[in-house]
Amino acid sequence: MLFGNKNWGIMVTMTEVTNETEMQTLGESIGKSLSGGEVIELIGDVGAGKTTFVRGLARGLDIDETIQSPSFTISKVYDARDNLRLFHYDFYRIKDPGIMAGDLHEALNDDTSIVVVEWSDTIKSLLPDDRLSISIMTISETSRSIELKSGGGSSSKIIEAIK
């Protein structure tokens with residue numbers, strides 16, 4: 001169940017998922033609402049369900065490819081519906097983004113791109129304020145508490161679309 005609070009143009013919504021299917025369903029709902037130019041930041045420990053969420057997001061974008069964590073490749077790009085592309089970044093082991101900062105900058109400035117970033121600590125200053133930050137907190141082996149926080153109008157629309 002989603003519930004929200006609007007403060008100073010920022011919307012915060014909390015929900016809980018109890019298994020991988022529900023995590024993917026949440027991702028799919030968000031994916032169906034995307035039209036390009038959106039940025040999603042995923043925050044959570046190793047094993048929290050970030051890649052599981054992205055698998056659902058990809059399903060909502062009609063991506064047929066198998067979604068894998070880009071932990072070792074740093075980024076993966078998938079073709080989606082309506083000539084959109086999903087850029088999935090993982091900066092887990094990166095202390096300095098180096099050349100990847102330029103790649104990320106290009107994706108962030110492309111209206112046909114949807115950018116998902118895991119482990120954004122080293123590149124947070126490159127991300128726009130108007131992004132959907134999704135924090136995934138482990139409650140038990142299968143349950144997760146999810147906080148969705150918008151940073152502006154575009155990301156608030158995503159939260160509104162899935163209510």
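Is F91 buried or exposed? F91 is buried, with a relative accessible area of 2%. Here, buried means under 20% relative accessible area, exposed means over 50%, and partly exposed covers the range in between, with a 1.4 Å probe and protein chains only.

## About the model

This is a predicted model, in which local features need pLDDT of at least 70 and side-chain atom pairs count only at pLDDT 80 or more, while totals for chains, interfaces and linings use all residues. Residues are numbered from 1 along each chain as its sequence is written, and side-chain values use heavy atoms, with hydrogens and water left out.

## An aromatic cluster

Rings of Phe, Tyr and Trp (its six-membered ring) pair if their centres lie within 6.5 Å; planes under 30 degrees apart count as stacked, over 60 as edge-to-face and the rest as tilted. The count comes to three aromatic pairs. One of them joins F87 and Y89, which are stacked at 6.4 Å centre to centre with 10° between the planes. Y89 and F91 are stacked as well, because their ring centres are 5.8 Å apart and their planes are at 10°.

Together, F87, Y89 and F91 form one aromatic cluster. F87 counts as buried at 8% relative accessibility, and Y89 is buried with a relative accessible area of 0%.

## Two nonpolar cores

A nonpolar core is a set of buried Ala, Val, Leu, Ile, Met, Phe, Trp, Tyr and Cys residues joined through side-chain atoms within 4.5 Å. The largest one has 30 residues, and I30, I40, F53, L57, L61, L86 and I134 have the most contacts inside it. At least two residues of this core come from each of β2 (10–17), α1 (20–33), β3 (39–43), α2, β6, β7, β8 (144–150) and α4 (153–162). The largest share, four residues, is supplied by α2. These elements are DSSP runs, numbered from the N terminus: helices are H or I with at least four residues, and strands are E with at least two.

Another core lies apart from this one; it has 13 residues, among them I74, F91, L108 and V115. So where does F53 make its contacts, leaving out residues up to four places away in sequence? F53 touches M23, L26, G27, I30, L42 and I134, where contact means heavy atoms within 4.5 Å.

Helix α2 is mostly covered, with nine of its eleven residues buried. Those nine are K50, T51, T52, F53, V54, G56, L57, A58 and G60. They pack against α1, β3, β5 (85–90), β6 and β7.

Just after α2 comes D62, with a positive phi of about 60°. D62 belongs to the loop between α2 (50–60) and β4 (75–79), and it counts as exposed at 52% relative accessibility. Most residues other than glycine have a negative phi. W119 also takes a positive value, with phi near 55°. W119 sits in the loop between β6 (113–118) and β7 (132–138) and counts as partly exposed, at 23% relative accessibility.

## The largest pocket

On a 1 Å grid over the protein atoms alone, a cavity is a set of points where a 1.4 Å probe fits but cannot get out, and a pocket is an open set with protein on both sides within 12 Å along at least five of seven lines; lining residues have an atom within 4 Å of a point. Grid points are joined across faces, edges and corners, and a volume is the space filled by probe spheres set on the points.

The largest pocket holds about 310 Å³ of space. It is lined by 21 residues, of which V46, G47, A48, G49 and K50 are the closest to its centre. Both α1 and α2 give two or more residues to this lining, and α2 gives the most, with three. The lining divides into six nonpolar, eight polar and seven charged residues. In this grouping, Ala, Val, Leu, Ile, Met, Phe, Trp, Tyr, Cys and Pro count as nonpolar, Asp, Glu, Lys and Arg as charged, and the others, Gly among them, as polar.

## An enclosed cavity

There is one cavity of 30 Å³ or more, and the largest cavity has about 30 Å³ of space. Its lining is made of G37, E38, V39, D130, R131, L132, S154, S155 and I158. Three of these residues come from α4, the largest share. By type, the lining of the largest cavity has three nonpolar, three polar and three charged residues.
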